[in-house]
Amino acid sequence: MVRLVGRLLAVVLLCLAGAIGWVMVDAHRSIDAQTGATADRVSQHLAALYWQKLVWRNGVSRETLLPMPEWETLATASIVSPGICVMVKPPGVDPRQLCSQIEALGEPAPAWFAATYGFLFGPQVEQKRYLSIRDKDAGYVLSAAQPEAALRLSWHQVSIVVGVAMAMAAAIAVLTTLMIGHALIPARTIIEGLRKLQQGDLAWRLPRFRTAEFNLIARAVNDLSEELERTNSARTALTTRLFQVQEEERRALARDLHDEFGQCLTATAALAASIEAGSPSDRQDLIEDARAITRAQQRMMENLREALVRLRSQNIDEIGLEASLRQLVSDHNTQSASRAVVRLNVIGKMTALPKQVAIDIYRVAQECLTNAMKHGSPTEVRLRVEHVGLARNTISLTVEDDGGGDASNISRGNGHGILGMRERIAALGGSLSIVKAAKGVRVAAIIPVFGAPNGMAFCQATA
């Protein structure tokens with residue numbers, strides 16, 4: 001708005017400068033025209049006096065046949081324009097000059113205006129008229145503008161124009177500012193709507209505007225919102241289905257690993273024990289090989305159990321979310337490689353949560369604990385799950401550690417864990433943000449619960 005009004009004032013000032021220049025040119029031409037007109041009127045007046053004297057036979061010079069009347073009278077002065085001087089030069093007679101009053105043209109012009117005017121236009125042109133068209137030696141009338149005449153007239157007209165123009169410029173600036181401000185109100189509404197779209201509020205629509213151009217923009221934005229809403233709904237449904245298929249594949253893989261690979265490892269351990277027990281005392285090499293096989297089998301069984309924990313989600317549909325989270329915390333605490341102690345605090349009942357929401361919350365908590373161990377060096381991690389809200393329709397999940405991780409690096413990272421959490425939360429119509437906590441990193445997410453539009457599960461995860 002400020003830039004627009006500034007441009008408007010610049011245009012007004014440019015037009016004002018052009019108007020001032022035109023007024024100065026017009027004043028200069030007006031003085032020239034008045035100078036010529038005065039010369040014509042005075043020469044005609046003297047010719048009339050000549051014929052009067054010639055008819056009356058009084059005061060006539062027989063040598064030149066020119067009148068010698070008293071021409072410097074009030075009648076002659078009345079036909080001389082203000083600011084003009086007239087000089088009459090008959091032959092054989094000294095020239096005499098008659099000037100009109102210059103005060104009628106206005107106040108004297110300032111010195112800077114006089115200098116500018118003189119630089120642009122220079123002196124006025126004198127106008128010369130002969131007393132007789134038949135004999136140029138009969139004398140002439142010379143009409144010239146006084147130096148102050150053009151300056152006063154130009155300054156007077158410029159002052160009027162500048163005063164009127166300044167008043168008009170002020171009025172135009174105020175009225176235009178109000179009109180432009182009122183006309184641009186829809187632009188602010190459109191910007192706010194685009195920001196809401198950026199924040200994910202795809203259900204918001206722009207209203208109709210009085211201006212046709214803004215209506216076209218609003219229609220285009222609303223069409224874009226509807227298309228984004230349809231695309232987002234389709235993407236959400238597809239992502240939800242993909243996560244469901246992923247969970248099914250994980251359970252199937254976990255079942256196959258437990259049934260096939262687990263049984264094979266168990267059989268391997270039994271065979272190794274049998275070899276160790278049946279080897280003669282003099283075959284120490286067989287005994288050591290059997291023990292090596294047993295140790296390898298134990299390591300593979302530990303890795304298998306960890307993989308099963310990650311794959312099976314602790315059978316949330318069988319034991320519930322709370323028991324699954326307690327088992328998850330217990331597994332982290334029993335890991336020999338983990339130096340951090342994980343503490344769990346569950347407030348409220350978690351049994352009413354839908355299966356998919358419970359799985360998503362479990363996966364988010366699992367990924368937050370993994371990130372806490374991977375991106376920092378915590379000594380204590382606190383996991384808090386609480387049912388909040390007046391209708392108990394939200395879940396607050398907080399994972400906080402003292403590992404001092406960098407939130408910006410984690411937020412900008414393209415790792416599959418963070419990306420998986422974002423997609424999982426977005427598939428349920430929620431959002432995820434990663435910020436810095438007191439001593440670690442906070443991952444905040446919002447997840448819809450029970451499919452209600454206003455039912456949200458609030459997840460604050462500090463990793």
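Which strand of the chain has the lowest confidence, and which the highest? In this predicted model, the mean pLDDT is lowest in strand S1 (residues 60-61), at 44, and highest in strand S7 (residues 341-347), at 86. Over the chain the mean pLDDT is 76, and 85% of the residues reach 70 or more.

Two stretches call for caution. Residues 55-68 have pLDDT below 50, and beyond near neighbours in sequence this stretch has 15 contacts in the model. Residues 451-463 also stay under 50. For residues 451-463 the model has 60 contacts beyond four places in sequence. Where pLDDT is low, the predicted coordinates should not be read in detail.

**Disulfide**

The structure holds one disulfide, which joins Cys-85 to Cys-99 with an S to S distance of 2.0 Å. The angle about the S-S bond is 115°, and the link of Cys-85 and Cys-99 is right-handed. Cys-85 belongs to strand S3 (residues 84-89) and Cys-99 to strand S4 (residues 96-99), so the bond ties together parts that are 14 residues apart in sequence.

**Helix packing**

Two packed helices are described by the angle between their axes and the distance between the axes.

| Helix pair | Angle | Axis distance |
|---|---|---|
| H9 (residues 321-334) and H10 (residues 355-375) | about 15° | 10 Å |
| H6 (residues 212-278) and H10 | about 75° | 12 Å |
| H3 (residues 111-121) and H4 (residues 147-183) | roughly 110° | within 11 Å |

H9 and H10 pack at about 15°, which makes H9 roughly parallel to H10. The crossing of H9 past H10 is right-handed. On the H9 side the contact involves Leu-321, Ser-324, Leu-325, Leu-328 and His-332, and these residues meet Ala-358, Ile-361, Tyr-362, Ala-365, Gln-366, Leu-369 and Met-373 of H10. By class, the contact of H9 with H10 counts nine nonpolar and three polar residues, with no charged ones.

H10 also packs against H6, at an angle of about 75°. H6 and H10 are therefore roughly perpendicular to each other. From H6, the residues Phe-243, Gln-244, Glu-247, Arg-250 and Arg-251 meet Lys-355, Gln-356, Ile-359 and Arg-363 in H10. The class count for the contact of H6 with H10 is two nonpolar, two polar and five charged.

The axes of H3 and H4 cross at roughly 110°, so H3 is roughly perpendicular to H4. H3 passes H4 in a right-handed crossing. H3 contributes Trp-112, Phe-113, Ala-114 and Tyr-117 to the contact, and H4 contributes Ala-150, Leu-151, Ser-154, Trp-155 and Val-158. Of the residues in the contact of H3 with H4, eight are nonpolar, one is polar and none is charged.

On residue class, the contact of H6 with H10 has five charged residues, whereas the contact of H9 with H10 has no charged residues and the contact of H3 with H4 likewise has none.

Note on methods
Residues are numbered from 1 along each chain as its sequence is written. This is a predicted model: local features need pLDDT of at least 70, side-chain atom pairs count only at pLDDT 80 or more; totals for chains, interfaces and linings use all residues. Side-chain values use heavy atoms; hydrogens and water are left out. Axes are lines fitted to C-alpha atoms, for helices over the stretch in contact, and angles run from 0 to 180 degrees between N-to-C directions. Helices (H or I, at least four residues) and strands (E, at least two) are DSSP runs, numbered from the N terminus. Angles under 35 degrees count as roughly parallel, over 145 as roughly antiparallel, 65 to 115 as roughly perpendicular and the rest as oblique. A crossing is left-handed if the near helix is turned anticlockwise from the far one by less than a right angle, and right-handed if clockwise. Contact means heavy atoms within 4.5 Å. Ala, Val, Leu, Ile, Met, Phe, Trp, Tyr, Cys and Pro count as nonpolar, Asp, Glu, Lys and Arg as charged, and the others, Gly among them, as polar. pLDDT is the predictor's confidence in each residue, from 0 to 100. A disulfide is a pair of cysteine sulfur atoms within 2.5 Å.
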